[in-house]
Each structure stands twice: as structure tokens, then as C-alpha cells.
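Here is a short briefing to read alongside the model.

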Amino acid sequence: MATCIPAGRGTLHYRVADYKRQSCRRTARVSDMPIKIKRYLRKDLSWSKWVSNSKVLQIHRCEFSEPPLCKNQKFFKVISSSKKNDHTKYFDFSVIGSGIAGLRYALEVAKYGTVAVITKAEPHECNTNYAQGGVSSVLCPSDSVESHMKDTIVAGAYLCDEESVRVVCTEGPERVRELIAMGASFDHGEDGNLHLMREGGHSHNRIVHAADMTGKEIERALLKEVTSNPNIFVFEHHFAIDLLTCQNGSDITCLGVDTLNTETLEVVRFLSKATLLASGGAGHIYPKTTNPLVATGDGIAMAHRAQAVISNMEFVQFHPTALADEGLPIQPTKPRDNAFLISEAVRGDGGILYNLAMERFMPLYDERAELAPRDVVARSIDDQLKKRDEKYVLLDISHKPKNQILSHFPNIASTCLQYGLDITRHPIPVVPAAHYMCGGVHAGLQGETNVKGLYVAGEVACTGLHGANRLASNSLLEALVFAQRAVQPSVDQMKSSSLDLTASNSWPRPIVPFSLGSNAKDKILSATDELRKELQSIMFYYVGIVRSTIWLETAEKKIGSLEAKWEEYLFRHEWKPTMVFPEICEMRNLFCCAKLVVSSALSRRESRGLHYTIDFPNLEESERLPTIIFPSSHLNSTWSSRQLHKQPMYQ
């Protein structure tokens, strides 16, 4: 059954909401949809089979490549992976991102061919490395897959895809055992069994962890395996600019990606039969986020420009407890690049939330108190801060034995101690911060997208697992399961592909702006930095934990004006549409993701999970539908929303 097409009917109801907010309700014939997307949505992707109709948010179409495909060409192996001045590289598989999803996938597909792992910074600089809590998985006899499924669906406000949830909860334990076999070292109890923690929203202790540095340990184990694999080549400091696509009729195929080597400022083109997008989230559309600096929504924006379907972008998860610098005895000497996360496991281990009057407040909001799901806790803290006009609340774990605190949370204890705070004696100042995108590139049960040859896994993907709110510690699990599930279709694609991938000059290459004087470039970068902060401020004030229609509409207008102002400034200073520079590419992607979030939020006329609006404060059964975003037939989108280049028509 299709996501957007009611069973047995030839019409499709959808909400049109372009960036100018010309919003209405329409009924369209199925034949009016782009054929490739229609075919994709009709596939059995198991997305909410109980849903007879889905919201479809139709957004301005991005320009895309239009040449026919070249047929009957032999597939290749690597010609050269390290040849000097070689600006085109050929691989069987390209992986964009070096987190848990990208590395796990790379290790599997490397059994069948050569793999390029393309990473924006150092390989370890990813969201995985910052994950503290752990991996949720059913590894205890008293626990069950059904219980894990129920917890996931309840936390997701009943918007989860049940089949996706079942797949992840069922296959998760085996994926965790594979990590252990690779050398990932997780904590064990005195009985010799894995020590399982409990976090908010979970009914059982099922969180596998390595103290409070689980992501770092998983990343270490995977990177060790990757670096010793002769078929995997890691390209550090390569910024993914745009996916390389071509079109045959209505079929769009991904043939690789253009990147910018940020150390040499050279454009490097990667051509491949199958591409996995595992580039993480978009936390830096907000000013305060737990995400590393690399999380600027590059993958989601690239996929949107390449005509991939996008889902559920209104559901931005704010982690309830990031360290509040304002409440520390010793203030940080400079602003942080990202907020320091205080793990969900602190509350799972007995941590209690207080306001500054030392009044415990969570029982007033939810009977589960501190163990309520993240959306509930974040909104409760937000309410306390606004009512009391305070900047942070307190999370206290000091009533627990000192040795237990230091054993379970050594990284948190050590970091806080640097700022004069002993968490074994005093409460921790905390505040919500943008943390995780539950929406992203729409994925089927094997990580497939509507773009042939393009697969997604990890935070960049929307698999239907999280619904309207992610259950704690389900993210690493999802990444592992879908990275594995994307392997076989990727291998099949690689083996069956007959595309001519040696035609490296079929697409115009992006240009690094060496022709601009240093004065012009400095002005552009300075203005971009200021406008980036302004965009983040708009998102914080108008598209935060609590929303309203008027705030969202205000955000939409302000973002549109800001984007137009930025583009006008660029082109007035002789910037060309095909020029690329890291800060400029990031800004394009931040604008794109911010607009997707706002437009999606405006289309949902209820409060569900992470999307809470004062205009529609209740759950509505008729609104229990995923938001589907696909490019429309309009061509008047902004430069920021278009690919930098397109392949010319084949002669």
C-alpha cells in the first residue's frame, strides 16, 4: 500500500504549502503525481498500513538533471583511489558520513566491492561520537520485543510505522551482538552479564552502554575495523556538495556525489553504483544544540535537491537536559560549539528535576515524572522556565552513592568538575537543546529512497520508527538495523547496474571562488556568519518546543526574507551560482532544512509528540498521518533550493 494513496482509489488528497504560504486543500488524480514518486509510494514500504490517507506537503520543485541514461556499460572497480591530482574517483559504493550507520554499512558492502567513506571532518566527528546513553535492545529474559515495540509506539505518539518498529526491535539484539564481536566493550554487572540501564519512556532496563560514552566506544570499534579493511578508503575533510543524478523519463538515478576537499579547496567527484547517505541531522538550524558543528542538514538538503521524498520534518527533538552554562560555578571562557549533553541515563538512574526553588515539578506534568518521554520532559522544563522567568532548572543525582555516580557517569562528572561543579554533591544546571531530527529522507524497509541507487540510514533517514518523538537510545539501534538492511539492495544495484560511470565530465563541476578578491570573500563570509546566527535566532524564537500558527508564519516570512537578502548580497559581490565554499554550502543547507521544518509544522493542525502548537493543543485522530514532502512541478524555487549543476541532455 502506498504512503499517500488510499487503497482502491484513484485520487490523492494532499495539502499544498509552498514557501509563500499559498495553502489550500486539493484533490489530485494519481496521474498528476510525478510517475517515479507515484511508483515509489505504491511500493510496499510498510509505512503506516493503518493509514488510509497521508498528508503530502508539496514544496517548490528543485531543478534536476534530465539526460537519458547510457545503457549497456560494464561496471567497474576502482581505477585509482589516491592518485595525486585525480579529481574524479571511482568506487563500487560511496558512503556519505562516518557515524555508526555509515561505518557499519561500509564494512558489509566492502565484502562485495570497493568503498569510499566520505566525511566532512575527521571520521570520529559525528553524532555517534557524542551519544552518551547507549543502545536500546531486548537482551534480558524478562524483557520482550513486544514490550520494546509498545514503548517505542507510545513515545512516538502512535505515529510510528508498526512494521518498521517490529523490524528494528526484532533485529536489534543481533546487531548489538555483532558490535560486541567486533570488539565494542560495553559495561557488565557483577554477575558477568551486560549491565542494562533504563531511560525515559522505557518499561524495562534494556540500554546497553559503555559508562556515559557509548557512542565514542562504538565509533572506536568500528573505525578500527574500517581502517584495517583494504577495500575501504576514508576521505577526511571532504564536504559533500550535491548528489550527482541523471534522469531517464521519470526515473531519477544517483551516480555519486561532488565534494569539496576543505583542506586543499579542490572539488573531488565520486562516481559509484550505490550511494548511502548517512550524514546525520540538522541541529545547527538552532542556536543551542547537542550536535557537533558538522550537523548542518547537508544530507537532507542534498537529497531534497535531488528529488528525494522527505518526511516528518516538523518533529525536532529537544533533549531536555543539556548543561546550562549560566548555572555553573565557573563560567566557560568562550561559547561552546555545541551544548554538552547530560545523558537521559541520569534520570533513568534516579536523577530528579527541580526548579531553582528546589521544588520537584515533573510529577505535576506526568505520572511517569522524570521517566516520561523526552517531549514531555522538555515541554515541562520549558513551561517552568517561562512561568518562573528562569534560565535553567536543576537535575540532581547527588542522593545516589558517590561511587555509583562516578562509575556510571565518569564523563559527565569530569566535565562538570572542570567548571567547579561536583555532581556527587550538587545538582546540575540543565536546559533543553535541539538534539535529533525525527524526520528526514523517506526510507523503505531496506533503506531505499525514491531515487534509484540512493539509500539512507541513521538520523538523515525517516524510516517511520520514531513517529512523532524518538524513544531514548533508539537512534543508534535504528542506524545499525537499517545500515545492515541497506546492504543487500545496494549490492544488487551495484551488480545489475549498466550505467556508464566513467563519463565524469557529464556534469559541470562546481567552482571554488579563487577569482574573488580576498576582500570580497571576507565580506561574504562575515555576512554569512551573521545571517546564520539570525536564522538560528528565528528558529529558536518561532519554531521551538512550543509553537503557534502566527509564530510559524512569522518564521516563514522572516526566513524567506533573510534568504533573499543573503542571495542578493552574494550575487552583488560577484558570487556565481556554481561557486562553492564550506560556509556557503552549509548556509544553503541550513536554509533548506529550516524551511522544510517550518512548512511541515504549518501543515500539522494538532499537537502530537514533538510538535506542540497552542492553536491546536490536542491530539486529533484524523491528523494521525505522516507528513510527506515531495518536490512539485514549480521551477521558481530559490537558488539555495536548487542543485548547483545539472547534467546536459545526452546527444
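This is a predicted model.

**Strand β21 and its partner**
- Strand β21 covers residues 627-631, and because 5 of its 5 residues are buried, the rest of the structure largely encloses it.
- Strand β13 (residues 310-311) is joined to β21 by 2 bridges, and the two run antiparallel.
- Within this pairing, I629 of β21 has I310 standing opposite.

**The sheet of β6, β8 and β7**
- Three strands form an open sheet in the order β6-β8-β7, paired in antiparallel fashion.
- The edges are held by β6 (135-136) and β7 (196-197); each has a single partner strand, so one side of each lacks a neighbour in the sheet.
- Strand β8 (residues 207-208) connects to β7 through 2 bridges, with the strands running antiparallel.
- In that pair, M197 has I207 of β8 as its bridge partner.

**Cysteines**
- Searching the whole structure turns up 0 disulfides.
- For C593, the closest cysteine sulfur belongs to C592 and lies 5.4 Å from its own sulfur, which is too far for a bond, given a cut-off of within 2.5 Å.
- C593 is buried, with a relative accessible area of 0%.
- C416 also counts as buried, because its relative accessibility is 0%.

Definitions and conventions
Residues numbered from 1 in each chain as written. Predicted model: local features only at pLDDT ≥ 70, side-chain atom pairs only at ≥ 80, totals over all residues. Heavy atoms only, no water. Pairing = 2+ DSSP bridges. Helix = DSSP H or I, 4+ residues; strand = E, 2+ residues; numbered from the N terminus. Buried < 20%, exposed > 50% of the residue type's maximum accessible area, 1.4 Å probe, protein only.
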